[in-house]
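Open the model in your viewer and keep the selection tool ready. Each stop says what to pick and what is there.

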Amino acid sequence: MKVLVLDDHRGFREEVVAMLVRNGYEADSVDSAAAAIPLAESGQYAFILVDYNMPEHDGLWFMQNIRLPRGTKAILVTGYVNRRLINCMFEAGVVGYLIKPFEEPDLIHHLVFHSRGPAGPPEPGEGVVLSGGATAAPE
């Protein structure tokens with residue numbers, strides 16, 4: 001499974017790509033929304049991790065200007081916990097979100113969860129979906 005990481009901070013991109021590779025994913029990264037569009041529209045990515053706050057064009061601009069190929073899902077990755085922003089990103093097409101900073105298991109859990117297709121009830125022992133697309137582990 002291939003993932004595109006869209007974030008303007010090189011160190012963050014490199015860290016996320018390393019997490020993905022350690023867990024068996026292929027990953028590419030790009031530092032601007034405009035540069036990400038042709039890559040994302042190529043259809044070669046199962047997921048696009050989309051930062052919100054970037055210079056020139058933000059993550060919302062990216063989501064409003066891309067034609068996501070069938071089978072490609074976008075997940076918001078942001079340090080801004082703002083319900084209005086998150087709702088706008090969902091309306092634009094993201095399927096979930098991660099709040100920075102996050103741990104490697106959180107990233108992998110989101111990818112596994114969202115790779116299952118349309119949301120349904122969790123399997124026994126799995127996390128549950130909270131409002132806004134976040135997930136929680138079972139107690």
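## Stop 1: two helices

This is a predicted model. Select helix α1, residues 10-22, and helix α5, residues 104-114; their axes come within 10 Å and cross at roughly 65°. The crossing of α1 past α5 is right-handed.

Now show side chains at the contact. From α1, pick V16, M19, L20 and R22. From α5, pick E104, L107, I108 and L111, which those α1 residues meet. Sorted by class, this contact has six nonpolar residues, two charged ones and no polar ones.

## Stop 2: a histidine in α5

Stay on α5 and select H110, which is found in this helix. Is H110 buried or exposed? H110 is buried: its relative accessible area is 6%, and under 20% counts as buried.

The H110 side chain reaches the backbone oxygen of Y97 at 3.3 Å. Keep Y97 displayed for the next stop.

## Stop 3: the aromatic pairs

How many aromatic pairs does the model have? The count comes to two.

Select F12 and F102 for one of them. Their ring centres lie 5.9 Å apart, with 90° between the planes, and the pair is edge-to-face. Where do these residues sit in the chain? F12 is in helix α1, while F102 is in the loop between β5 (94-99) and α5. They are 90 residues apart, so this pair links distant parts of the chain. Both partners are buried: F12 has a relative accessible area of 18%, and F102 has 10%.

Then select F90 together with Y97. Why is this pair edge-to-face? The ring planes stand at 85°, and over 60 degrees counts as edge-to-face. The ring centres are 6.1 Å apart. Check the surroundings of each ring. F90 is partly exposed, at 26% relative accessible area. Y97, the residue whose backbone oxygen H110 reaches, is buried at 13%.

## Stop 4: a threonine in β4

Finish on strand β4, residues 73-78, and select T78. What is the relative accessible area of T78? The value is 0%, so T78 is buried.

Show what surrounds T78. Leaving out residues up to four places away in sequence, T78 touches D51, Y52, L85, L98, I99 and K100. Of these neighbours, select L98 and I99 and colour them: both are among the contacts of T78.

Technical notes:
Residues are numbered from 1 along each chain as its sequence is written. This is a predicted model: local features need pLDDT of at least 70, side-chain atom pairs count only at pLDDT 80 or more; totals for chains, interfaces and linings use all residues. Side-chain values use heavy atoms; hydrogens and water are left out. Axes are lines fitted to C-alpha atoms, for helices over the stretch in contact, and angles run from 0 to 180 degrees between N-to-C directions. Helices (H or I, at least four residues) and strands (E, at least two) are DSSP runs, numbered from the N terminus. A crossing is left-handed if the near helix is turned anticlockwise from the far one by less than a right angle, and right-handed if clockwise. Contact means heavy atoms within 4.5 Å. Ala, Val, Leu, Ile, Met, Phe, Trp, Tyr, Cys and Pro count as nonpolar, Asp, Glu, Lys and Arg as charged, and the others, Gly among them, as polar. Buried means under 20% relative accessible area, exposed over 50%, partly exposed in between (1.4 Å probe, protein chains only). A polar contact is a pair of N or O atoms within 3.5 Å; within protein, one must be able to donate a hydrogen and the other to accept it, and residues adjacent in sequence count only if both atoms are side-chain atoms. Rings of Phe, Tyr and Trp (its six-membered ring) pair if their centres lie within 6.5 Å; planes under 30 degrees apart count as stacked, over 60 as edge-to-face and the rest as tilted.
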